[in-house]
Amino acid sequence: MSHSTHQDPSDAQINALVQYARAHGRCWKADLCADWSTGRDARNPLLRQLRNDFGPCWLMRFRLPDVLVSGEGDRCAGGDNAV
């Protein structure tokens, strides 16, 4: 459930997601949800804002444009967490 008045993430928030996705590979969404649930996202205020403004359900529906994320060869256990 979103409590935000924002309709879309800011460019800075999208850039933070891109950087996170590049660092975490194919399982980036599962990793980010885990970080959100344990508070490990506190290191990045933009990722925390995304969690607070949009939430994990939004994240699961969100897809980064393919041109923004490359080099993803990692395999995920437990499902499809593709960008």
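Is Lys29 buried or exposed?

1. Lys29 is buried, with a relative accessible area of 3%; buried means under 20% relative accessible area, exposed over 50%, and partly exposed in between (1.4 Å probe, protein chains only). The model is predicted: local features need pLDDT of at least 70, side-chain atom pairs count only at pLDDT 80 or more, and totals for chains, interfaces and linings use all residues. Residues are numbered from 1 along each chain as its sequence is written, and side-chain values use heavy atoms, with hydrogens and water left out.

2. Lys29 belongs to helix α2, residues 28-38. Helices (H or I, at least four residues) are DSSP runs, numbered from the N terminus. The side chain of Lys29 reaches the backbone oxygen of Leu59 at 3.3 Å. This is a polar contact, that is, a pair of N or O atoms within 3.5 Å; within protein, one must be able to donate a hydrogen and the other to accept it, and residues adjacent in sequence count only if both atoms are side-chain atoms.

3. In α2, the buried residues are Trp28, Lys29, Leu32, Asp35 and Trp36. Viewed down the axis of α2, they fall within an arc of 120°, so they line one face of the helix; the arc is that of the directions from the helix axis to the C-beta atoms.

4. The buried residues of α2 pack against α1, α3 (45-53) and α4 (55-61), where contact means heavy atoms within 4.5 Å. After α2 comes Gly39, with a positive phi near 85°.

5. Ala21, in helix α1 (residues 11-24), is buried, with a relative accessible area of 0%. Its C-alpha atom and that of Leu64, 43 residues apart along the chain, are separated by 9.0 Å.

Definitions and conventions: Helix = DSSP H or I, 4+ residues; strand = E, 2+ residues; numbered from the N terminus.
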